[in-house]
Amino acid sequence: MNLILIIPRIGSCISNRGICLLLASIAIAILSACASAPPNSEATLPSKTVPDTSIVNQVGGETAEQQSSQNLQIMLAQISQSEGIPLSTLETAFADSKNLAQVRKLVMPGPPGFKKNWTAYRGRFIEPARTKAGMAFIEQNRTYLDRVERETGVPGTVIASIIGVETIYGRNMGSFKVKDVLSTLAFNYPDTPNRASREALFQDQLKQLILLCWAESGGNSTRNTKSASIKTNAFDRCLNQSSSYAGAIGLPQFMPGSIRNFAKDGDGDGVIDLRQSRPDAIASVARFLRMHGWQPGMPIYFPITETEQNQAAIRRLADGLPDAKHTVQEFIDLGILDSRYGDLQTGGVAPQSKALIIDLPFINAQGNDEVRYVVGLENFLSIVQYNRSYFYAQSVAEFAEALGYDNQSVVPKTPATPTTKTKKSAAKKTQKPKKPKAN
């Protein structure tokens, strides 16, 4: 759902309503893995076929149900005209679509006074059962994970971490029909302050789903597809596949737009299957991160030791915006980071590397509010693009560490000057030295 709206994450929410509220309150502004690029004016679906009719927001109750159905029909007519998909095919496919009250409840923010709790959130993902499953996933897919890491620079442990946080490696991919989820949220989103923008985003994702399924069933959007060549069953099957309560699909929980824009055929069979194919899921996660700024060889974050001297600066710079406006050197100068974090030879990064302060509020054992702070680097922000939540990105980083990820720069230390004997023995070796990876 990438830099837009996935509400994390399906596995935890199925079993625990309290955690659902926590996750929804954190990620109500997310679409992730993954969503497509932010919708342009096309997402509002201006009508060309029926100029006097437009999609409007609901007012609630039975009126909302009727208006939602009418708006869906307007959208289908617009897509039929703009994409050349027979209207009868679309109307038949959506004839049994349902408005899901449960989905509307799940995307609601937490109640007044509900507090974010990093400790509780982290505990849902970094725990023994999931870690064991993650280690098994890595072992079973080690060859392909290593290959993708060599090709993209995205560590296999980070890829495994994301898939583990998202669905516990396919155990919890959601149980809602994706067309029903997206129809509900596109035209009957709960009455929240950001309702209009959320509906616009889900309208875009609903359109992306239709185009995705149309292509998968043998169609295209060039307006010259013969309906006889379309596999209707495949079209319906795609529209009715299961998803999360935000419309995310498969092992890595990609939104339809992200499947179209970032998914990759990892196993080379000519089909992208994020539900069954682990290579496809692995390759797609890596491609998404690389296309959203992942820097090979760079760490994800640096810990901060809070002191009386740096407290004020930390709080001032923790503005909550996912924007790396500062540099590691600035944080070193302010006493926020130790100087070793600006040294590549000690696992740090180049001093001018972009960075930001990440705040992770939690409730301590005494019931008091506290905040943990870390410094996020460019790779932290690439994970935020997957799901716009600091809690999510930090959980992915720490779960990756639990799976074996070494959170420091991959740059070999400068070797000591060899002795004459060492030089002779080294000359006999044919192995080429490793090239340092750029940050």
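This note sets out points on the sheet, a helix pair and the nonpolar cores of a predicted model.

1. Basis. The model is predicted, so that local features need pLDDT of at least 70 and side-chain atom pairs count only at pLDDT 80 or more, while totals for chains, interfaces and linings use all residues. Residues are numbered from 1 along each chain as its sequence is written, and side-chain values use heavy atoms, with hydrogens and water left out.

2. Sheet order. An open sheet of 4 strands has the order β3-β6-β5-β4, with antiparallel pairing. Strands here are DSSP E runs of at least two residues, and helices are H or I runs of at least four, numbered from the N terminus; two strands pair if DSSP finds at least two bridges between them. The edge strands, β3 (301-303) and β4, each pair on one side only.

3. Strand pairs. Strand β5 (residues 354-363) is joined to strand β6 (residues 369-376) by 8 bridges, the two running antiparallel. Ile-358 stands opposite Val-374 in β6, and Pro-361 opposite Val-371. β5 and β6 form a hairpin with 5 residues between them, and Gly-367 in the turn has a positive phi of about 85°. Strand β4 (residues 326-327) is joined to β5 by 2 bridges, also antiparallel; here His-326 stands opposite Ala-355.

4. Helix pair. The axes of helix α11 (residues 195-216) and helix α12 (residues 232-239) come within 8 Å and cross at roughly 145°. Axes are lines fitted to C-alpha atoms, for helices over the stretch in contact, with angles from 0 to 180 degrees between N-to-C directions. Leu-209, Ile-210, Cys-213, Trp-214 and Glu-216 in α11 meet Phe-235, Cys-238 and Leu-239 in α12, contact meaning heavy atoms within 4.5 Å. The residues of this contact divide into 7 nonpolar, no polar and 1 charged.

5. Nonpolar cores. A nonpolar core is a set of buried Ala, Val, Leu, Ile, Met, Phe, Trp, Tyr and Cys residues joined through side-chain atoms within 4.5 Å, buried being under 20% relative accessible area with a 1.4 Å probe, protein chains only. Of the 92 residues in the largest core, Ile-159, Ile-163, Tyr-169, Ile-210, Leu-289 and Ile-300 touch the most other members. Leaving aside neighbours within four places in sequence, Leu-289 is in contact with Val-154, Val-158, Ile-162, Trp-294, Ser-382 and Ile-383. Another core, of 19 residues, lies apart from the largest one and includes Ala-313, Ile-314, Leu-317 and Val-349.

Notes. Nonpolar A, V, L, I, M, F, W, Y, C, P; charged D, E, K, R; others polar. Buried < 20%, exposed > 50% of the residue type's maximum accessible area, 1.4 Å probe, protein only.
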